[in-house]
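Visitor: I'm new to reading structures and would like a close look at a single part. Please pick one, go through it slowly, and then show me what lies around it.

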Amino acid sequence: MTSENEICPICGEGHLEELVDKTPVEYKDNKTVLDTFYSVCDACGCEQANAAQTRHNKRLMIAFKKEVDGNLTGTEFKDIRKRLGITQNEAAAIFGGGSVAFSKYENDDVIPSESMDNLLYVADKLPAILTILAKRKGIKLQSKPRLSIVAANSPQYKDELINSSDSKRQKIEILSNLSLINQSILRYGR
Ligand SMILES: [Zn+2]
């Protein structure tokens, strides 16, 4: 994270050596140790962190907070978006958050709101939500939304899915997800 022979910006003479420290941190009574990066000058001895090191250290802390809070991690956010088959820009246009939001969520630069975390979680379970929201916002999806696991696995839809057109597949997907929601309502109440 530092270039070789980087000159110390503090004394302007020494060279910086990058080191990794085991930094104990605590969040909501949970403790862990993070591998944080910093540099030491071989002339003045000043310890310092450049922009890249600071960003790395901050990302580690945010990832730890997400884990403690039981929220989706940056990697999980990225995995869900990929499973939904959309770009970061499409995800922001459909789910909100602004143009660079998903890059920041996925890199652990920021903690998404609780509602955004919930929305992504639900969209992963019921991908028809993506189709419904995209339609509402007038966004044409480039790739075909993936079929939900339930739809793909349920025998009553399986044969039909294999032999159906794209538009019909989406209808089947929505129907099967609606039936899943109805089943949940029957089971758990509204
Ligand atoms: Zn120095």
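Guide: Let's start with a pair of residues: Pro24 stands opposite Val33 in strand E2. E2 covers residues 30–41, and twelve bridges join it to E1, the two strands running antiparallel. Strands here are DSSP runs of E with at least two residues, helices are runs of H or I with at least four, and both are numbered from the N terminus. Two strands count as paired if DSSP finds at least two bridges between them. Further along the pairing, Glu18 has Ser39 of E2 as its bridge partner.

Before we go on, a word about what you are looking at. This is a predicted model, in which local features need pLDDT of at least 70 and side-chain atom pairs count only at pLDDT 80 or more, while totals for chains, interfaces and linings use all residues. Residues are numbered from 1 along each chain as its sequence is written.

Now follow the turn. E1 and E2 form a hairpin with two residues between them, and Lys28 in that turn has a positive phi of about 50 degrees. Asp29 also lies in the loop between E1 and E2, and its phi is near 70 degrees, a positive value in a residue other than glycine. Is Asp29 buried or exposed? Asp29 is exposed, because there are 6 other C-beta atoms within 10 Å. The rule is that a residue is buried if 20 or more other C-beta atoms lie within 10 Å of its own, exposed if 12 or fewer, and partly exposed in between, with C-beta atoms placed from the backbone.

E2 and E3 pair in the antiparallel sense over two bridges, and Ser39 stands opposite Gln48 in E3. The hairpin of E2 and E3 has five residues between the strands, and there Gly45 takes a positive phi near 80 degrees. Put together, the three strands make an open sheet in the order E1-E2-E3 with antiparallel pairing. E1 (16–27) and E3 (47–48) stand at the edges, each with a single partner strand, so one side of each is left without a neighbour in the sheet.

What lies across this sheet? Helix H1, residues 51–69, lies across E1 and E2, running at about 180 degrees to E2. Such angles run from 0 to 180 degrees between N-to-C directions, using axes fitted to C-alpha atoms, for helices over the stretch in contact. Leaving aside neighbours within four places in sequence, Val25 is in contact with Thr32, Leu34, Met61 and Phe64. Contact means that two C-beta atoms, placed from the backbone, lie within 7 Å. Val25 counts as partly exposed because 15 C-beta neighbours lie inside 10 Å.

Let's step back to the surroundings. The chain has nine helices and three strands, and from the N terminus the elements run β-β-β-α-α-α-α-α-α-α-α-α. Of its 190 residues, 21% count as buried.

In H3 (88–95), the buried residues are Glu90, Ala91, Ile94 and Phe95. Seen down the axis of H3, they fall within an arc of 105 degrees, so they line one face of the helix. That arc is taken from the directions from the helix axis to the C-beta atoms. The buried residues of H3 pack against H2, H4, H5 and H6. After H3 comes Gly96, with a positive phi near 95 degrees.

Finally, the largest nonpolar core has 16 residues, of which Ala91, Leu120, Ala123, Ile129 and Leu130 touch the most other members. H2, H3, H4, H5 and H6 are the elements that give two or more residues to this core. A nonpolar core is a set of buried Ala, Val, Leu, Ile, Met, Phe, Trp, Tyr and Cys residues joined through C-beta atoms within 7 Å. In soluble globular proteins, nonpolar side chains tend to be buried together.
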